[in-house]
Amino acid sequence: MADKTLVYVVDDEPLQRDMLKDHLSKMSKYEIHDFPTGEECLAAAKVRIPQIVFLDYNLNSQVRDAMDGIDVLKELKNIYPEMEVVMISGQDRIEVAVNTMKYGAFDYIVKGEGSFLRAEKAMFNIYRYHRLQGSANRYKKLMTFFGIGMLLMIILVIFLQSQGMINAPGWY
Amino acid sequence: MEPTKSITDLTYLKSLTGGASDKMSKYIRMFITGAPVSIQQMDMYFLNKDWAGLRQSAHALKPQLGYFGAKGAENLIKEIERMAGDQVDLDQIPVQLENFRKQYELIQSELEASLKELGN
């Protein structure tokens with residue numbers, strides 16, 4: 001259980017929530033929990049921080065004064081910047097998608113027949129992104145060590161030359 | 001005599017669930033339990049002239065209709081969502097709500113028949 005990716009699904013529509021949860025549960029490497037409100041998701045994240053959250057944009061169709069998706073997204077990204085949030089909405093308006101990206105959503109999925117497949121692809125893209133980011137970080141570290149090594153070598157050569165312990169090359 | 005044309009289509013649901021009848025039955029049950037509540041909510045929001053609430057309820061129901069292939073009802077609910085969201089043609093909303101209710105009754109009876117066929 002410990003090596004599974006923890007995923008939270010937040011949607012106030014029970015059918016939508018169950019369908020997404022069931023679909024993602026087909027993949028054994030995920031541990032999935034679902035919540036009807038953003039407030040419950042935030043409370044659960046304080047106990048166990050998920051790596052990925054699928055978050056509905058409109059979370060107040062059942063409870064009118066419930067936090068909406070954007071507010072939950074802002075709070076999640078503020079507290080856990082490493083967490084990836086995929087927004088889900090029935091609205092296919094570009095300004096809604098742009099708005100969610102502005103607040104740090106990884107992807108934006110429009111509810112409908114293709115949405116479950118898109119959710120699966122979003123998971124794959126998150127993995128690929130983090131793997132690439134890991135490789136880039138390792139490369140950056142390697143280049144930093146190499147740079148420091150070269151610098152130390154130059155300092156050593158200059159020091160040895162100044163002490164007359166080695167001769168300067170002809171072109172020097 | 002031509003057979004009556006279905007207003008639902010479970011092709012998508014079948015493909016999503018890989019034909020698992022228990023899952024299909026679960027989703028159908030959830031829908032026919034939840035949709036009447038949403039319809040009641042929409043009526044209430046209309047009576048209270050709560051256009052944001054009406055738009056929100058219609059919006060939430062819209063993708064669910066698509067999962068059951070109820071395209072006609074999906075178009076009706078899109079219209080209700082648009083009218084409430086933009087606050088236009090408000091006098092047409094009760095007519096559209098009534099049309100939607102009639103469509104939903106047919107959807108429900110078709111889905112109940114599907115539940116029997118699925119045997120769950």
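This is a predicted model: local features need pLDDT of at least 70, side-chain atom pairs count only at pLDDT 80 or more; totals for chains, interfaces and linings use all residues.

A: Residues are numbered from 1 along each chain as its sequence is written, chains are lettered from A and ligands numbered from 1 in the order in which they are written, and side-chain values use heavy atoms, with hydrogens and water left out.

Q: How much area do chain B and chain A bury between them?
A: Buried area is the accessible area (1.4 Å probe) that two parts lose on being put together, summed over both. For chain B and chain A that is about 2000 Å², with 52% of it on carbon and sulfur atoms. On the chain B side, B:L16, B:Q56 and B:Y67 lose the most area to chain A, together 28% of what that side buries.

Q: How many salt bridges are there between chain B and chain A?
A: A salt bridge is a side-chain nitrogen of Lys or Arg within 4 Å of a carboxyl oxygen of Asp or Glu. Between chain B and chain A the count is 3. One pair is B:K26 with A:D18, the closest N and O atoms being 2.9 Å apart.

Q: Is A:D18 buried or exposed?
A: Buried means under 20% relative accessible area, exposed over 50%, partly exposed in between (1.4 Å probe, protein chains only). A:D18 has 17%, so A:D18 is buried. B:K26, at 29%, counts as partly exposed.

Q: Which residue forms a salt bridge with A:K111?
A: The partner is A:D11, and the closest N and O atoms are 3.2 Å apart.

Q: Which residues form a nonpolar patch on the surface?
A: Patches are made of residues with over 30% relative accessible area and no salt bridge: like charges are joined within 9 Å, nonpolar side chains (Val, Leu, Ile, Met, Phe, Trp, Tyr) within 5 Å. Here the members are A:Y139, A:L142, A:M143, A:F146 and A:M150, with about 560 Å² of accessible area together. A:L142 is exposed, at 56% relative accessible area.

Notes:
Accessible areas come from the Shrake-Rupley method with a 1.4 Å probe; for residues, only the protein chains shown count as cover.
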